[in-house]
Amino acid sequence: MFLFVVRRLFFAVVLLLAVSVFTYLLFALLPTDPAALTCGIHCKPETVLANRIRLGYDKPVLEQYWQFLRGIFVGRDYGLGQTAFSCPAPSLGYSFNQHACVTSLIGETFPVTAFLAIGAFILWMIIGIGVGAIAALNKGKWQDRFATGFAAVGVSLPTFYIGLLVLFSVVIWFQILPFPSYESPLDNFSAFITAMILPWLVLAVLSAASYTRLTRNGMLEAMNEDFVRLGVAKGLRLRVILLRYVMRQALIPIVTIAGLDFAGLLGGAIITESVFSLPGMGRMSIRAVVDSDLPVLVGTTMVAAVFIVAANVIVDIAYGFLDPRVRVSS
Amino acid sequence: MTSTIDSVRDDGTGVPVTASIVGKSPRELAWNRFRKDKFALFAVGVIAFYIFVALFAPIICSALGISPTRLDGQALNDYGLPDGPFGNISTSHLLGVEPGTGRDILARLLYGARVSLMVGFIATFLTTTIGVVLGVVAGYKRGKIDAVIGRMTDLTLAFPSFLLIIALTRPFTQRLESIGVPEGNPARLTYIVLVLSLFGWVYVARVVRGQTLSLREREFVEAARSCGAGNSHIIFKELLPNLWAPVIVIVSLSLPGYVSTEATLSFLGLGMIAPAASWGVMLGDSVKYYRADPTYLFIPGIALIVLVLAFNIVGDAVRDALDPKGDRQNLL
């Protein structure tokens, strides 16, 4: 087991290195000149040149990548003498657009994304598994039709459209809530809840849909298993069969997918954050796209990749504990 | 594929009694189950209707005397808004006109269906083809090839795909234009289809690989091999026919996803650009006029939802129909 964990961790590190190489090269080889973007239209060529040297864009791509990688572990200094500044480790680069280290930008925006993700995640697991279980227990009846309909609609709707419809109807047409403006929960908790309730609900309902479907199908499949028939035959109580036999089997694939989905959200819920103007990582990254702010893009991509890879490792190791065959075969 | 077995039973009278047992192939069983699902049949009809409408959009538009690009200033009032209730729905404009320009919404919807369906179908075709080929090869060959394809899968999954799709739109469309793809919408559509396929094949490949791994150990494959069948025979004649069931399910569920993604990208201003119509472009436009013309907000949205819903219903029904335990009664 120990060897299995070590091997998975080692592989995860290699994977992240590969992701960083691809991401860095992909953005470095783009036909945009990052140094030219460091100052406005009325920029002197000398300033651009100075900035290029200061930010290290004059060096070959591979050396730039090495600097980037080194910066993650030991921090990074830019420039010399009076104009020098530094981004302490773990440094993901410097955003010339926002005049700040990428790491601190991510540090500012990440809590918003994390709050959004955690709240939505709790809601969608409750809604998804609950509705799915109701559907499975009432297979073929109206509850089932309703739940599968909900799942199909929820899976199919584009987030931006539903988000905007909800925003327009709740905030503008019926004026139930004020326009969401994010506040830190430490400063003003009620304002925080008011701002987050709509994005939580939208994200939760749309994501819950596929969990409803998974739970329903998983439970129906489990109910067909012989061990459940045996349970019924030997007269176990329904509650025991459902919780110990059916749910347990049905939830295993859900746990896997939930882990990966949650990790994906932590990298930034781009559309939800943009629609509800939440100052999270997703909105920052889409701004970075608009402004061609490459360091921020590379940084957010890397952070998102770390979450995805970490979730994969955790899920794999959890599987290794649950199912001994996994350990042997890999 | 119905085969009839004549069983002959001797009932002791010396006269053979013949009864016929009708055997059905799994495909027939599945089709019979699917046929009973009226809801799914209706959804198939809806999809067929969309495809028909998209294919014949020019003919339908000229028959109705509408055009997706003609600016009808007559239909707008002095503020440039539709002159009449509900976005000026009238006999000349059945679904009203676009605020600002006065273009006919029905015509744009019909032409938009072409773009949305085309992106959906081509991206699905590419992801499925790549995914099935790589999945079968990985699962069948195993060893080094499997390891390489597996690492490619891991790498692709590690990227935050939506962020990258957005971030790379502008530079890559420019690159496509520079290598000769016609500028503007063709280049943008090519990019969307390519990038959706680049990130989408993984999901198909994973499922197909898993199925292949278990199929290759089955007796019929061993039988074929013992008769001297080569790799290509086993892959194409033995494995692939058994893989179509899970693949159909993936297709029917991933296609609506691609249609939605195209809409999202167009909404973000990264997909098609006006005056070309796509449902995403229309959704993006309608959002700007949500106060003055709420009707417009619902038309492309409902068109998109109905299509995506239809595909999902068909996908679910196919999966239910292909489930061999589908007829078994539940005890709970």
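How much area is buried between chain B and chain A, and what percentage of it do carbon and sulfur atoms give? The buried area is about 4400 Å², and carbon and sulfur atoms give 72% of it. Buried area here is the accessible area, taken with a 1.4 Å probe, that two parts lose on being put together, summed over both.

Let me state the conventions. This is a predicted model, in which local features need pLDDT of at least 70 and side-chain atom pairs count only at pLDDT 80 or more, whereas totals for chains, interfaces and linings use all residues. Residues are numbered from 1 along each chain as its sequence is written, chains are lettered from A and ligands numbered from 1 in the order in which they are written, and side-chain values use heavy atoms, with hydrogens and water left out.

I return to the interface. In it, 47 residues of chain B are in contact with 53 residues of chain A, contact meaning heavy atoms within 4.5 Å. Between the two chains the count of salt bridges is 0; a salt bridge is a side-chain nitrogen of Lys or Arg within 4 Å of a carboxyl oxygen of Asp or Glu. The rule does find 2 residue pairs in polar contact across the interface, both at pLDDT 80 or more. A polar contact is a pair of N or O atoms within 3.5 Å; within protein, one must be able to donate a hydrogen and the other to accept it, and residues adjacent in sequence count only if both atoms are side-chain atoms.

Which elements of chain B supply at least two residues each of the side that touches chain A? They are α6 (143-158), α7 (161-178), α10 (231-267), α11 (279-288) and α12. Helices (H or I, at least four residues) and strands (E, at least two) are DSSP runs, numbered from the N terminus. The most comes from α12(B), with 12 residues. By class, this side of chain B has 31 nonpolar, 7 polar and 9 charged residues. In that count Ala, Val, Leu, Ile, Met, Phe, Trp, Tyr, Cys and Pro are nonpolar, Asp, Glu, Lys and Arg are charged, and the others, Gly among them, are polar.

Buried means under 20% relative accessible area, exposed over 50%, and partly exposed in between (1.4 Å probe, protein chains only).

A:S285 counts as buried because its relative accessible area is 1%.

Chain B as a whole has 12 helices and 2 strands. Of its 332 residues, 48% count as buried.

B:E217 and B:R142 meet through their side chains in one of them (3.7 Å, N to O). This pair links distant parts of the chain, 75 residues apart: B:E217 lies in the loop between α8 (185-215) and α9 (219-226) of chain B, and B:R142 in the loop between α5 (105-141) and α6. B:E217 also meets B:R216 in a salt bridge (3.0 Å, N to O). Within it, B:R216 is buried at 15% relative accessible area, whereas B:E217 is partly exposed at 48%.

Another salt bridge joins B:D146 and B:R209, the closest N and O atoms being 2.8 Å apart. B:D146 is in helix α6 and B:R209 in helix α8 of chain B, 63 residues apart. Is B:D146 buried or exposed? B:D146 is buried, because its relative accessible area is 13%, while B:R209 is partly exposed at 32%.
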